[in-house]
Amino acid sequence: MAELRLSMVFFFLFIFYYINLSTVESSMARARHFKHPDTKAFIEVSCQTTLYPALCIKCLARYANSNVRNEQQLAQVALTVSLYKARSTRLYMLKVAKELESIKSKECPALRDCLQQIDDSINQLSHSITELRRFDLKAGMIDDLFWHIDNVDTWISAALTDASNCVDEFPGHRMSKMKATIKGKVMNVAQLTSNALALFHRYAARYRSATNKKP
C-alpha cells in the first residue's frame with residue numbers, strides 16, 4: 001500500500017513537472033517569436049536613407065515586433081503600408097466626389113483626374129508587391145532577378161509620379177477644408193511611396209553592387 005502511494009506521488013510530480021516545463025517552453029517560444037530587439041534599430045537605420053525618415057519610422061515602427069529581418073521584407077512592408085494608405089485615400093475621395101457631383105461643383109473635374117491617378121498608383125503598387133514576392137534569390141539567376149528588380153522599380157516610380165501629379169491638382173495654399181484634406185492625404189501617399197522606393201533601392205543596391213564586383 002505504501003509503495004502504491006509513493007508511486008502515485010511520483011506520478012503526480014512527473015505530471016506537474018511536465019506541465020510546467022511545457023508552459024515555460026511555450027512562453028519562451030512566444031518570446032522568441034514576438035521579441036526582436038534588433039528590428040527597431042534596423043528599421044531606424046534603414047529609414048535614414050529615405051526623404052522622410054520621421055514618417056518612415058513612425059509608419060514602420062509598429063512592425064518592430066514582427067519578423068522583418070532584411071531589406072527585402074522591409075521594402076515589402078513599406079509598399080504594403082503605402083498601398084493601404086492609397087486605398088483609404090481613394091475611398092475618401094470617392095465619398096467627396098459623390099457629394100460634389102450632387103451639387104454639380106466646378107471642382108469635380110480636378111477631383112476626378114486626381115482619383116484616376118490614385119487608381120493608377122494603387123494598381124502599380126499592387127503589381128510591385130506581387131513582383132517582389134516572386135524574387136527567388138536562391139536560384140542564382142541574376143539576370144532574371146534584375147529583370148524583376150527593374151519591374152518593381154518602374155512600378156513604384158510610376159505610382160510615385162501619379163500620386164505627385166494628383167497633389168499638383170491642388171496648387172496654392174488657400175483652399176477649402178475639403179481640398180486641403182484631400183491634398184494632405186494624397187501627399188501622405190506620395191511620401192510613403194517615396195520612402196518605399198528608397199527602401200527598395202537600398203535592397204536592390206546590394207545585388208547590383210555584388211554583380212559589379214564580379215570579374
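1. The secondary structure consists of seven helices and zero strands; helices (H or I, at least four residues) and strands (E, at least two) are DSSP runs numbered from the N terminus. Along the sequence the pattern reads α-α-α-α-α-α-α. This is a predicted model, in which local features need pLDDT of at least 70 and side-chain atom pairs count only at pLDDT 80 or more, while totals for chains, interfaces and linings use all residues. Residues are numbered from 1 along each chain as its sequence is written, and side-chain values use heavy atoms, with hydrogens and water left out.

2. Of the 215 residues in the protein, 36% are buried. Buried means under 20% relative accessible area, exposed over 50%, and partly exposed in between (1.4 Å probe, protein chains only). The protein exposes about 13500 Å², and carbon and sulfur atoms supply 59% of that area; accessible areas come from the Shrake-Rupley method with a 1.4 Å probe, and for residues only the protein chains shown count as cover. Among contacts (heavy atoms within 4.5 Å) with a separation of 6 or more, 75% are between residues 24 or more positions apart.

3. The largest nonpolar core has 54 residues, and those touching the most other members are Leu-60, Met-93, Leu-111, Phe-135, Ile-182, Val-186 and Phe-200. Such a core is a set of buried Ala, Val, Leu, Ile, Met, Phe, Trp, Tyr and Cys residues joined through side-chain atoms within 4.5 Å. At least two residues of this core come from each of helix H2 (37-47), helix H3 (53-60), helix H4 (71-102), H5, H6 and H7. H7 gives the largest share, 13 residues. In soluble globular proteins, nonpolar side chains tend to be buried together.

4. Which residues does Val-186 contact, leaving aside its neighbours within four places in sequence? They are Thr-89, Met-93, Cys-114, Ile-118, Ala-163, Cys-166 and Val-167.

5. There are two disulfides in the structure, a disulfide being a pair of cysteine sulfur atoms within 2.5 Å. With the bonded cysteines numbered in sequence order, the pairing is 1-2, 3-4. Cys-47 and Cys-56 are buried.

6. The other disulfide is formed by Cys-114 and Cys-166, with the sulfur atoms 1.4 Å apart. Cys-114 lies in helix H5 (residues 108-133) and Cys-166 in helix H6 (residues 142-168), so the pair ties together parts 52 residues apart in sequence. Both of these cysteines, Cys-114 and Cys-166, are buried.

7. Cys-59 is buried, at a relative accessible area of 10%. Cys-108 is also buried, at 13%.

8. The buried residues in H3 include Leu-55, Cys-56, Cys-59 and Leu-60. These four cover an arc of only 110° around the axis, so they are on the same side of H3; the arc is that of the directions from the helix axis to the C-beta atoms. The face turned away from the buried side of H3 carries the exposed residues Ala-54 and Lys-58.

9. Asn-195 is placed in helix H7 (residues 177-212). Is Asn-195 buried or exposed? Asn-195 is buried, with a relative accessible area of 3%. Its side chain makes a polar contact of 3.4 Å with the side chain of Thr-50. A polar contact is a pair of N or O atoms within 3.5 Å; within protein, one must be able to donate a hydrogen and the other to accept it, and residues adjacent in sequence count only if both atoms are side-chain atoms. Apart from neighbours within four places in sequence, Asn-195 is in contact with Thr-50, Leu-51, Tyr-52, Leu-55 and Cys-56.
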